[in-house]
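Try each task yourself before you read the worked solution.

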Amino acid sequence: MDFKNKLTKIKNKIGINKKKKRNTICIVGMSAGIGVTHTSIALANYLHSVQRKNVVYIELTDQSCLMQMFDGSRGVIKGIPTCKYKGVDYITNCTVREAGQILAFCKEDVIVDMKELTDETKDIFLQCDTKIVVGSLQPWLENKCVNYIRKILKICDAKIIKWVTINKINKKKNYILSRLSWRYMPYIENPFLLEEEHFEKLHNIIA
């Protein structure tokens, strides 16, 4: 089976609608180093390589960890410099004002890699169609997760958030954690090089 037919078979299996409208996705973590950038890159590459979407990746921070990777093709979107890598347009060191411009006027799918949810960045989080919160449910992080969830629920309904965990859930978990519908982030060694086994799990995160 050639790649094109194989990709069509995968799309049919996970129910991808070719006419699906543009999606804006914001991903934020409950703590630093939890895997927000890893998850964001994986989803951006899934949307581009499998769903064949044009994707803009926003790194919403003034201290980029991605800029050093890019030395190839460069462009501009709405007056904002971008770097293209494996078909995805990356905007590093993006400000809140620039992110708002892209979300408001860009026609492509957008992934916002949000380092921290603050009073300044929360409007970007609320503006996105799909809101993803990534956390670890390890026992020693349980209290931190609960406090973070309480903070988010002050600005947003739990039902419209995609809650993603990087580890399995303990059946005896905290009451607040047990009330949420959790999705699992698959282990992906290199988010720039996805395997077929990852597609359905990534699709389920944003579906």
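**Exercise 1. Find in which sense strands E2 and E5 pair, and over how many bridges.**

Step 1. In this predicted model, locate strand E2 at residues 55-60 and strand E5 at residues 88-91.
Step 2. Compare their directions: E2 and E5 pair in the parallel sense, over 3 bridges.
Step 3. Pick out one partner pair: tyrosine 57 has tyrosine 90 in E5 as its bridge partner.

**Exercise 2. Work out how strand E4 is joined to E5.**

Step 1. Strand E4 covers residues 80-85.
Step 2. E4 and E5 run antiparallel and are joined by 3 bridges.
Step 3. Look at tyrosine 90 again: in E5, this residue is the bridge partner of cysteine 83.
Step 4. Now follow the turn. The hairpin of E4 and E5 has 2 residues between the strands, and lysine 86 takes a positive phi near 50° there.

**Exercise 3. Decide whether the faces of strand E5 are covered or open.**

Step 1. Start with a general idea: side chains in a regular strand alternate between the two faces of the sheet.
Step 2. Sort the residues of E5 by side: Val88 and Tyr90 lie on one, Asp89 and Ile91 on the other.
Step 3. Each of these four residues is buried, so both faces of E5 are covered.

**Exercise 4. Determine whether glutamate 59 is buried or exposed, and list its contacts.**

Step 1. Set aside neighbours within four places in sequence. Glutamate 59 is then in contact with Ser64, Cys65, Leu66, Ile91, Thr92, Asn93, Cys94, Asp113 and Lys115.
Step 2. Link this to Exercise 3: among these contacts is Ile91, a buried residue of E5.

**Exercise 5. Describe the largest pocket by its space and its lining.**

Step 1. Rolling a probe the size of a water molecule over the atoms shows where empty space is left.
Step 2. The largest pocket holds about 220 Å³ of space.
Step 3. Its lining includes Leu60, Asn93, Cys94 and Lys115. Of these, Asn93, Cys94 and Lys115 are also among the contacts of glutamate 59.

**Exercise 6. Find what share of the protein chain is buried.**

Step 1. The chain has 207 residues, with 7 helices and 9 strands.
Step 2. Buried residues make up 48% of the chain.

Terms used
Residues are numbered from 1 along each chain as its sequence is written. This is a predicted model: local features need pLDDT of at least 70, side-chain atom pairs count only at pLDDT 80 or more; totals for chains, interfaces and linings use all residues. Side-chain values use heavy atoms; hydrogens and water are left out. On a 1 Å grid over the protein atoms alone, a cavity is a set of points where a 1.4 Å probe fits but cannot get out, and a pocket is an open set with protein on both sides within 12 Å along at least five of seven lines; lining residues have an atom within 4 Å of a point. Grid points are joined across faces, edges and corners, and a volume is the space filled by probe spheres set on the points. Buried means under 20% relative accessible area, exposed over 50%, partly exposed in between (1.4 Å probe, protein chains only). Two strands pair if DSSP finds at least two bridges between them. Contact means heavy atoms within 4.5 Å.
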